[in-house]
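Here's a quick briefing to read with the model open beside you. Take it one topic at a time.

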Amino acid sequence: MTELSFEDLCRKPRAEILSTLQQMHLPAQLRMLEAMKDWLRKKNRRRVDRYFTDSGKAARSGYPKQMQFFELGRTHQERGLFGGNRSGKTLCGTYEDTLHLTGEYPDFWPGYRFDRPIDAWAAGDTGKTTRDVLQATLLGKPGDTSAFGTGMIPGDRILRVTVKHGLADAVETIFVRHVPTGGVSTLQLKSYDQGREAFQGTANDLIHLDEEPDLEIYTECLLRLMTTNGRLILTATPLRGLTDLMLQFMPHLAPAPDVVEAASWQAPPEGAEDE
Ligand SMILES: Nc1ncnc2c1ncn2[C@@H]1O[C@H](COP(=O)(O)OP(=O)(O)O)[C@@H](O)[C@H]1O
Ligand SMILES: [Mg+2]
């Protein structure tokens with residue numbers, strides 16, 4: 001009799017799996033356990049495949065707003081995804097960052113596509129929040145070497161990282177394999193507390209701002225994309241209210257200036273009452 005493979009076992013009904021395992025000899029059970037560990041390790045290192053799926057709990061049909069946000073990348077250089085806490089903003093941003101870095105766009109991808117390796121930035125409020133939110137989501141839990149590669153960027157696409165000085169376990173640049181060309185994409189992690197100067201300099205293809213920066217940093221970022229036809233993604237909870245930056249995305253929310261109100265009042269034409 002040929003031995004049951006791990007794939008065969010997984011295809012059995014749930015209730016049958018345990019009893020099948022119990023009937024096996026110890027060496028076969030151990031082989032099955034090894035196969036299971038291997039499968040789990042691979043699955044954990046391709047987290048990107050678990051989102052916006054065809055069906056199941058993470059099916060993209062359940063996230064129409066996010067899908068629209070992705071799609072608008074084809075026609076718009078700047079995009080904002082705004083919502084409350086834990087509404088999936090960081091997840092969407094880092095998901096899109098990852099697709100552009102690796103060039104591995106799933107067939108359904110409705111958004112913009114780069115056909116070459118890219119240079120990207122992802123930035124948050126402070127060095128610490130950038131490490132704990134963006135770095136953690138993209139690479140895996142900071143400081144835990146065994147978690148490296150369990151974030152959104154697939155483990156086997158990460159070529160190397162450079163460390164950031166002055167903050168424990170923080171990463172500065174992530175070098176990623178751009179699969180279609182065999183080239184190398186880079187993602188640099190930055191924070192707004194580094195000041196505007198940190199956002200000056202080189203041309204860039206993609207900038208992901210997680211949470212709202214000052215307008216001067218935002219403007220600096222736009223300049224970096226001018227020569228590359230690059231893309232800017234802002235994922236934020238509008239905690240600061242109707243700032244100048246938010247109003248650029250939502251001009252219809254601008255309060256009407258007093259002068260318009262005054263001009264909208266018109267005295268009836270003379271003699272109108274007589275008609
Ligand atoms: N498209 C999605 N598919 C599956 N889970 C999602 C999706 N969007 C959000 N989630 C879930 O919500 C959690 C919070 O998302 P996150 O991006 O951190 O929120 P935010 O940045 O808006 O505070 C995620 O860790 C994930 O479990
Ligand atoms: Mg977030």
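Helices (H or I, at least four residues) and strands (E, at least two) are DSSP runs, numbered from the N terminus. Keep in mind that this is a predicted model: local features need pLDDT of at least 70 and side-chain atom pairs 80 or more, while totals for chains, interfaces and linings use all residues. Residues count from 1 along each chain as its sequence is written, with chains lettered from A and ligands numbered from 1 in written order.

**Cover and domains**
- The domain assignment gives domain 1 (6-44) and domain 2 (61-249), with bounds from an automatic or database assignment.
- Their C-alpha centres lie 38 Å apart.

**The sheet**
- Seven strands make an open, mixed sheet in the order S1-S7-S6-S2-S5-S4-S3; strands pair if DSSP finds at least two bridges between them.
- S1 (78-82) and S3 (158-163) sit at the edges with a single partner strand each, so one side of each has no neighbour in the sheet.
- From one strand to the next, the twist averages 15° (axes are lines fitted to C-alpha atoms, and angles run from 0 to 180 degrees between N-to-C directions).
- S4 (171-178) and S5 (183-191) run antiparallel, joined by six bridges.
- Phe175 has Thr186 in S5 as its bridge partner.
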